[in-house]
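Here are some notes to read alongside the structure. Take them one at a time, and find each residue in the viewer as you go.

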Amino acid sequence: MQPILEMRGITKTFPGVNALSDVDINVRPAEILAVVGENGAGKSTLMKVLSGVYPHGTYSGGIYYEGVERKFNKISDSEDLGIIIIHQELALVPLLSIAENIFLGHEPAKLGVINWFEAFARTKELLKKVGLNEHPNTLITNLGTGKQQLVEIAKALNKKVKLLILDEPTSSLNETDSNALLALLMEFREQGISSIMISHKLNEISKVADRITVLRDGMTVDTLDCHAEKISEDRIIKAMVGRELTDRFPPRNAKIGEPIFEVKNWSCYHPLHADRQMIKNVDLHVKRGEVVGIAGLMGAGRTELAMSIFGRSYGQKISGNILINGKPVDVSTIPKAMDAGLAYATEDRKTYGLVLIDHIKHNITLANLDGVAKYSVVDDLVELAVANKYRRDLGIRCSSVFQTTVNLSGGNQQKVVLSKWLFSGPDVLILDEPTRGIDVGAKYEIYGIINQLAEAGKAVIVISSEMAELLGVADRIYVMNEGKFVAEMPAKEASQEKIMRAIMKSWGKAND
Amino acid sequence: MTDISTPQVKPDFMRFVRSNIRDYALLLSLLAIMVFFQFNTHGTLFRPVNMTNILLQNSYIVVMALGMLLVIVAGHIDLSVGSVSGFIGALAAVLMTGTSPNPDLFTIPKFDFVTASIICLGVGAAIGAIQGYFIAYYKIPAFIVTLAGMLIFKGLALSVLGGASVGPLPATFQLLSTGFLTDVFDVQLLGAPFNLLALLIGTLITAALIYFNFKERRSQLQHGLAEEPEAIFYGRNLLIAVALIGFSFIMGQYKGLPNVLIVMFALIALFVFITTRTTFGRRIYAMGGNEKAAKLSGVNTERLTFWIFTIMGALAALGGLIFAARLNVATPKAGAGFELEVIAACFIGGAAVTGGVGKIVGAVIGAFIIGVMNNGMSIMGIGIDWQFVIKGAVLLFAVFLDVKFKNRG
């Protein structure tokens with residue numbers, strides 16, 4: 001059978017990184033293709049190439065759709081041909097109605113005057129097709145996530161969709177809504193509409209997918225036909241994580257002492273949706289000199305956990321206890337958390353970590369200005385000495401500490417963020433994705449810094465999406481999924497398969 | 001992504017000029033504008049009486065621009081300063097003269113000017129604090145809060161004055177704006193009395209400034225930090241000396257140094273110190289540069305914002321007092337449009353709309369650029385209509401250059 005879509009030899013590079021190398025995928029008519037892979041395997045990049053977010057010419061390889069080679073320059077080029085992508089973060093305008101959202105940019109209009117009767121009538125039809133019983137005038141903000149997802153699909157149907165792409169469609173849906181959505185996909189298949197479904201939930205994939213393509217490190221590893229044989233989850237997991245441990249880690253000899261940091265029964269809710277529990281009764285402890293890893297997929301709640309602990313900088317209705325050296329401490333504001341000895345280095349250093357328009361010296365002392373000041377007057381020379389000390393100790397490569405941080409490479413920016421927190425003199429450091437987006441050499445240096453911190457008797461928590469990294473750097477690993485800790489294992493006994501299996505087994509159980 | 005390490009920077013003349021071109025361009029623009037008007041007003045601009053006038057006319061703008069710079073660097077705006085200064089001027093007049101807006105209902109006791117001034121500064125700070133409270137703790141955009149404040153205090157100024165002008169004010173209070181430092185010498189220069197004290201103070205301040213500059217330069221050299229090429233350093237100090245001593249010489253030919261100039265200089269020095277040397281100032285720049293990062297680094301951004309607006313309120317009050325003392329009467333229209341000149345001064349002076357960037361000295365120079373233009377255009381007989389058009393064009397052009405420089409990277 002002639003495939004409706006073929007992507008051949010797609011290669012896409014970002015400065016210094018090969019996001020996709022020579023990826024092939026194809027989708028047959030009336031088929032559901034599942035695309036699976038770890039965080040950073042290249043799934044989203046591939047879909048952006050397909051939909052025209054990255055225009056023709058910025059990648060190499062060919063896209064053949066309905067038998068013709070296509071060169072999409074913008075999203076509307078692919079949409080006009082019936083390729084519709086629904087993103088993980090829904091792209092609906094919350095304060096407009098269902099009908100207004102469905103027809104946004106495609107309003108049925110004559111001379112710019114919108115024919116709302118027609119829009120309403122067609123919206124009703126579309127809503128019926130996706131099984132959503134709501135009035136077209138209802139505002140999006142009054143709908144739950146599951147229903148919003150259905151509105152997105154109705155919007156896609158309105159554009160005469162032939163190939164529907166769903167990026168993690170059920171990640172924020174409950175069991176009932178997820179099942180309804182999957183049923184809808186199967187119904188579309190009956191009508192001849194193909195779908196590409198990107199998902200981490202292997203149980204759902206085995207329910208609906210006809211074939212499964214596995215991506216790893218920007219390459220197609222395997223395509224499995226679900227009708228030819230019974231595909232076990234283990235088989236998929238192996239294909240997803242079966243990477244050689246090529247990352248190198250500096251040697252470390254841990255001298256682990258008594259617990260110095262404990263989190264008890266920690267819970268927190270979404271900052272905007274008071275009924276959505278993001279962190280569910282988490283218990284955690286870190287010992288002196290220990291590096292503890294928190295593993296999990298994107299959206300598992302790891303950053304939310306860390307930020308809610310660090311001065312309640314995330315969420316609402318936070319409950320639970322924090323103990324440092326066995327004594328309860330108050331971490332209700334960021335200054336209090338810092339006084340208690342906590343430090344949190346963010347995963348998003350450009351948005352939350354650095355003042356990009358300012359230079360290295362000012363960034364390093366920002367969290368501890370009083371440490372370089374007397375009577376609130378900054379001593380320039382003391383500050384300079386501090387900045388130069390960290391520049392030397394952490395090997396920040398720059399022309400001088402007066403260089404603006406926006407011009408630094410990712411690795412050096414991360415070192416500035418680490419310097420800032422080291423200078424604040426914490427006992428417990430939470431490092432969120434400390435090596436995201438930085439090259440291998442700088443990664444090795446960061447691991448070395450983490451080791452030194454542990455050897456100096458600090459407690460270090462490393463949050464990372466790279467399982468290999470956690471296995472190499474941590475002494476003990478917590479596995480997190482859907483806001484809960486679902487497994488805990490010493491790093492010596494852990495493996496990527498074991499972590500992935502713990503995540504896969506836990507889907508849906510957290511809601512019980 | 002590999003780490004690119006650039007070699008250690010050596011003091012390099014052109015490189016330094018390029019990276020500091022904004023500061024030089026600003027100063028040179030002020031000089032160019034002054035020379036332009038000196039020429040086009042047939043030498044009136046630099047006359048001692050006119051120079052004194054320019055200072056007195058712009059003192060309250062400069063005072064308010066100091067606070068506005070903090071506000072803008074923090075990433076906010078304050079539209080209410082004109083109305084607040086007008087309201088405080090009205091309040092001062094009412095308190096000092098004991099005029100009740102509605103004598104049938106209540107009377108107002110007459111306060112001496114010191115007590116009245118202190119009350120007024122306190123009320124100004126309280127107004128700023130209230131606005132700051134809504135902005136900092138309820139996250140209502142400063143634009144909205146201060147727009148509301150602009151309307152409220154415009155109305156209150158009218159109400160306090162009962163719709164009429166109140167004056168005259170006590171003679172001792174007027175000295176704030178119209179008084180000069182009394183000369184202790186009795187010197188004649190070319191047959192006219194010359195205020196030697198002005199020249200002496202000017203020379204002393206110049207000597208002190210240059211002493212500190214050299215001290216800092218020495219310490220920079222010791223630590224290998226001197227980025228500024230030697231020629232520029234000496235040239236800059238020479239220019240400062242010529243400008244300051246020349247300026248005090250000109251002032252000496254009229255009545256000497258105005259009291260308000262001393263107040264202004266003291267405040268400028270204080271705010272330069274606050275913004276460049278204190279943790280408070282440092283935190284303002286960090287917050288304006290990236291509020292989220294500053295907050296996550298333990299900066300209490302709410303409290304900081306609150307204090308910035310409180311300071312702004314107090315300075316707006318001081319501006320109102322200076323203006324009332326200058327006019328010797330409080331009118332319902334006082335303060336109208338001040339906010340525009342104050343905000344324009346900051347942006348012409350190089351502050352960034354996005355926050356995190358801006359210098360006190362820049363804002364002061366910006367204020368004087370506007371002041372000299374106002375003065376020069378008036379002497380040239382350009383109508384108020386075209387004055388607005390030209391000032392608007394200058395503001396747009398200055399910010400346009402900023403954006404263009406930035407985009408070129």
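1. Is A:C398 buried or exposed? This is a predicted model, and in it A:C398 has 6% relative accessibility; the cut-off for buried is under 20%, so A:C398 counts as buried. Now turn to chain B: B:C120, at 0% relative accessibility, is buried as well.

2. Next, the aromatic rings. Over all chains, the search finds 25 aromatic pairs. One of them joins A:Y478 and A:F485: the ring centres are 4.6 Å apart and the planes meet at 20 degrees, so this pair is stacked. A:Y478 itself is buried, at 3% relative accessibility.

3. For a pair with another geometry, look at B:F214 and B:Y234. Their ring centres lie 5.8 Å apart with the planes at 50 degrees, so the pair is described as tilted. B:F214 belongs to helix α8 (residues 196-222) of chain B and B:Y234 to helix α9 (residues 230-253) of chain B, so the pair ties together parts 20 residues apart in sequence. B:F214 is partly exposed at 32% relative accessibility, and B:Y234 is partly exposed at 44%.

4. Rings can also join up in groups. In chain B, ring pairs link B:Y133, B:F134, B:Y137, B:Y138, B:F306 and B:W307 into a cluster. In chain A, you can look for charges over rings: A:K317 lies over the face of A:Y269, 4.2 Å from the ring centre, and A:K389 lies over the face of A:Y390, at 4.6 Å.

5. Which residues of helix α17 (residues 496-506) of chain A are buried? They are A:Q496, A:I499, A:M500, A:A502, A:I503, A:M504 and A:S506. The cover over these buried residues includes helices α7 (202-208), α8 (233-241) and α16 (467-473) of chain A, along with strands β15 (291-295), β23 (476-481) and β24 (484-490).

6. In one of them, A:R189 pairs with A:D210, with the closest N and O atoms 3.0 Å apart. This pair links distant parts of the chain, 21 residues apart: A:R189 is in helix α6 (residues 175-190) of chain A, while A:D210 is in the loop between α7 and β11 (211-216). Both partners are buried, A:R189 at a relative accessible area of 18% and A:D210 at 9%.

7. Another salt bridge joins A:E445 and A:R397, where the closest N and O atoms are 3.4 Å apart. A:E445 sits in helix α15 (residues 440-455) of chain A and A:R397 in the loop between α13 (380-394) and α14 (410-423), 48 residues apart. A:E445 is partly exposed at 28%, and A:R397 is partly exposed at 30%. Elsewhere, A:R302, A:E347, A:E433 and A:R436 are linked in a network of salt bridges.

8. Finally, how do the two chains meet? In all, 31 residues of chain B are in contact with 43 residues of chain A. Together the chains bury about 3,000 Å², 59% of it on carbon and sulfur atoms. Across this interface there are 2 salt bridges, including the one between B:R283 and A:D370, with the closest N and O atoms 3.8 Å apart. B:R283 is partly exposed, at 21% relative accessibility.

Notes:
Residues numbered from 1 in each chain as written. Chains lettered and ligands numbered in written order. Predicted model: local features only at pLDDT ≥ 70, side-chain atom pairs only at ≥ 80, totals over all residues. Heavy atoms only, no water. Buried < 20%, exposed > 50% of the residue type's maximum accessible area, 1.4 Å probe, protein only. Phe/Tyr/Trp six-rings, centres within 6.5 Å; stacked < 30°, edge-to-face > 60°. Helix = DSSP H or I, 4+ residues; strand = E, 2+ residues; numbered from the N terminus. Lys NZ or Arg CZ within 6 Å of the ring centre and 35° of its normal. Contact = heavy atoms within 4.5 Å. Buried area = accessible area lost by both parts, 1.4 Å probe. Salt bridge = Lys/Arg side-chain N within 4 Å of Asp/Glu carboxyl O.
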